[in-house]
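The following account leads a new reader through a structure step by step. It begins with a term that the later paragraphs rely on.

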Amino acid sequence: MERLADLLLLLVLLFGFLILGTTRLTTCIRAVAVQGGLLGLLPLVLHPQWSVHTLGLAAGTILVKAIVLPAFLIWAIRESAVRREVEPRVGYVASLVLGIFAVAVAGAVATRLPVPGEHPVLLVTTSLACVIMGLQVLATRAKALLQVVGYLMLENGIYVFGLTSLDRVPFLVEIGVLLDVFVGVFIMGIVVFHINREFDSLDSARLTELRD
Amino acid sequence: MSLLVLLVLAPALPGVAAKTKAVLTGRRGAPVMQLYWDLFRLVRKGAVYSTTTTWMFRVAPVAGLVTPLLALGLLPLDGRRAPFGFTGDFVAFAALLALGRFTLVLAALDTGSSFEGMGASRDATFASLVEPALFLSFVVLALATGQLSLEGMLGGAQALPWGAAAPALTMVAVSLFFVLLTEASRVPVDDPATHLELTMIHEVTVLDYSGPDLALLLYGAALRMALFAALPVSVLASRAHLPVAAALGVLVAGLVTVAVAVGVVESSMARLRLSRVPQFLVAASVLASLGAILQLLT
C-alpha cells in the first residue's frame, strides 16, 4: 500500500512538471485534471480501512477536481477563443529548473517538519512542492486561465497536506473546502469569460491599466 | 566474449529501429541487416579528401570508433564484470564519449563548410545539455548501490535494490532513454533520415566523409547507440544472478526492445523545433534529479 501511495504521489509531482513544461493550455488543464484524479485515489490507498469519510472524500475530489472543473475550464477556453499557447513570463527551461528546486526545498523541509502521525516522507514533500509549483504558475504565467490552474495546483498541495490528518479533520470541513474551490474556480471562469468578451485579451498584466 | 557479441550485433540496432519505423508507417523498409552491407560496400571503396582539410579530418573517424569501443569496455555487459572497470570510471565513460564528439566537431569545422559548422555547433550544444542528465542518472545509481564504478552500479555482486528505490530507478531508466535518443541522434532531437543540410545535426557533421572513413563513423555511431541502449537495459534488467549465456540473451533482447522503442518514438512524433530541444533535454535532467532527490529522501 505504501508503494502504491508513493507511486501516486510521484505521478502527481510529474504531472506538476508537465504543467510547468508544456506549451499548450489544454495540456495544462488535462494535467491538473489527472492530478486531481490521482489525489482522489490517494485517501483510498493511504487509509485502507475504507470508511464513509474516505470514500466520500475520494468520490467528491474525483468528481470536482478531475471531471467538473477541467470540463468547465476547457469550456471557458473554447467559448472565449483564447490562443492555445501558454506564453510564459519565465521560460519553460527556467520553470522546470525552478520546479526541481521546489521539490528539493520541499524534501529538505519535509524531513525536518514535525508532522504528527506516521506518513511517507513523500506525502509532505509532494504537498509542499505542489504549493510552491502552484505559486510559481500563479506568478509566472500571464494568462488568466493558467492562474486558475496555478490556484488549483496550490489547492492540490493543501489537500495532500490535509491527508496527513485525515482522521482528525471533520468530513464537513473537507467537503466545505472542496465546495469553496469549486465556487472559486467557477467565478474565475465566468470572470475570465467576461473579461475576454469585453477586452479581447486575457493577459492579467494589462488589468493594471483598467480605469472607469 | 559478451563484448564480441555486442560488436557484431551493434549495426543491426539502427536497422531494427528503421524497420520498426517502416512497418509502423506501412512500408516494407530496408532489411534489418542493411548497415552490414553498407559497411561492407564502403570498406571496399577509396576515400576522397577535400583539399581544405587537415590531419584532424582523418583522426575523427578513428576516434569516433575507438572512444565508444573503450567506453564499452567499462560496462559490465554480462551483468557481472566489466573488462576494465575501476572506481569512478563513470567520469571516464562520459569523458570518452565527449572526446569522440569533440574530435568529430573539430573535423566538421575543419572542412570549412558553413553547414557543417552549424551542425557541429548544434551537436556540441545538445551534447553539453545532455551531460547533466547522464551524470545525475549515475548519481542516482551510485546512491542506490553505494558503488562508484559502472561495474558496481549496473552489475556487480548485488543486484540493484529494486523495491525501495524502484521509482527513482524507473526515472533514471526513462532519463537514460532520453539520453540515448540524443546521443544516437534520433528523432525528437535529430532526424537520421533527413536530407536537408539545414536541419541535420549529426548527419551533416559526417557529410564530407566517404569510403572506409564513413564506414568507421557509421559503425562508431551504431556502437554508440548500442552503448547508450545498454545503460537503461542494465538498469531495468539486472543480470548478475543469471548464467552468462542467459545474461547475454537478456541483454540482446533488451537492446532489440530499446531499438524498437526508438523506432516507435520516431514514427509517432515529429522532430522538435530546434529551440524546443533544450527543453526536452532539461526534462531528462529534471527526471534524473527528481530520482536523486527521492533517493536522498528515502
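A residue is called buried if 20 or more other C-beta atoms lie within 10 Å of its own, exposed if 12 or fewer do, and partly exposed in between. The model discussed here is predicted. Arg44(B) illustrates one end of this scale: with 9 other C-beta atoms within 10 Å, Arg44(B) is exposed. This residue sits in the loop that joins α3 (34–43) to α4 in chain B. Between Arg44(B) and Phe280(B) there are 236 residues in sequence, and their C-alpha atoms are 40 Å apart in space.

The overall build of chain B may be considered next. Chain B contains 12 helices and zero strands, so that from the N terminus on its elements read α-α-α-α-α-α-α-α-α-α-α-α. Its C-alpha atoms fill a box of roughly 60 × 45 × 40 Å along the principal axes. Among the contacts in chain B with a separation of 6 or more, 78% are made by residues 24 or more positions apart.

Chain A is likewise described by its helices. Chain A has seven helices and zero strands, and its elements run α-α-α-α-α-α-α from the N terminus. Buried residues make up 41% of its 212 residues. Of the contacts in chain A with a separation of 6 or more, 74% join residues 24 or more positions apart.

Helix α4 (residues 55–73) of chain B has 19 residues, which at 1.5 Å a residue should span 27 Å; the end C-alpha atoms are 27 Å apart, which agrees. Even so, α4(B) bends by about 30 degrees at Val62(B). The buried residues of α4(B) include Phe57(B), Ala60(B), Pro61(B), Gly64(B), Pro68(B) and Leu72(B). An α-helix has 3.6 residues a turn, so residues three or four places apart point the same way. Among the elements that cover the buried residues of α4(B) are α1 (2–9), α5 (89–110) and α10 (211–236) of chain B.

Helix α3 (residues 52–80) of chain A has 29 residues and reaches 40 Å from its first C-alpha to its last, close to the 42 Å expected at 1.5 Å a residue. At Val64(A), α3(A) bends by about 30 degrees. Its buried residues include Leu57(A), Thr61(A), Lys65(A), Leu69(A), Leu73(A) and Ile77(A). After α3(A) comes Ala81(A), which has a positive phi, near 50 degrees.

Chain B also holds a residue with a positive phi. Most residues other than glycine have a negative phi. Ser185(B) has a positive phi of about 55 degrees, although it is not a glycine. Ser185(B) lies in the loop between α8 (166–183) and α9 (202–205) of chain B, and counts as buried because it has 20 C-beta neighbours inside 10 Å.

Leaving aside its neighbours within four places in sequence, Ala230(B) is in contact with Leu75(B), Leu77(B), Leu251(B) and Leu255(B).

Finally, how many residues does each chain bring to the contact between chain A and chain B? Chain A contributes 18 residues and chain B contributes 10 residues. On the side of chain B that touches chain A, the largest share, nine residues, comes from helix α12 (residues 277–297) of chain B. The residues on that side divide into eight nonpolar, two polar and no charged. Leu13(A), in helix α1 (residues 2–21) of chain A, has contacts in both chains: setting aside neighbours within four places in sequence, Leu13(A) is in contact with Val103(A), Thr126(A), Ala129(A) and Leu290(B). With 23 C-beta neighbours inside 10 Å, Leu13(A) counts as buried. Leu13(A) and Ile132(A) are 119 residues apart in sequence, while their C-alpha atoms are 11 Å apart in space.

Notes
Residues are numbered from 1 along each chain as its sequence is written. Chains are lettered from A and ligands numbered from 1 in the order in which they are written. This is a predicted model: local features need pLDDT of at least 70, side-chain atom pairs count only at pLDDT 80 or more; totals for chains, interfaces and linings use all residues. Two residues are in contact if their C-beta atoms, placed from the backbone, lie within 7 Å. Helices (H or I, at least four residues) and strands (E, at least two) are DSSP runs, numbered from the N terminus. Ala, Val, Leu, Ile, Met, Phe, Trp, Tyr, Cys and Pro count as nonpolar, Asp, Glu, Lys and Arg as charged, and the others, Gly among them, as polar. The expected span of a helix is 1.5 Å times one less than its number of residues. The bend at a residue is the angle between axes fitted to the seven residues ending there and the seven starting there.
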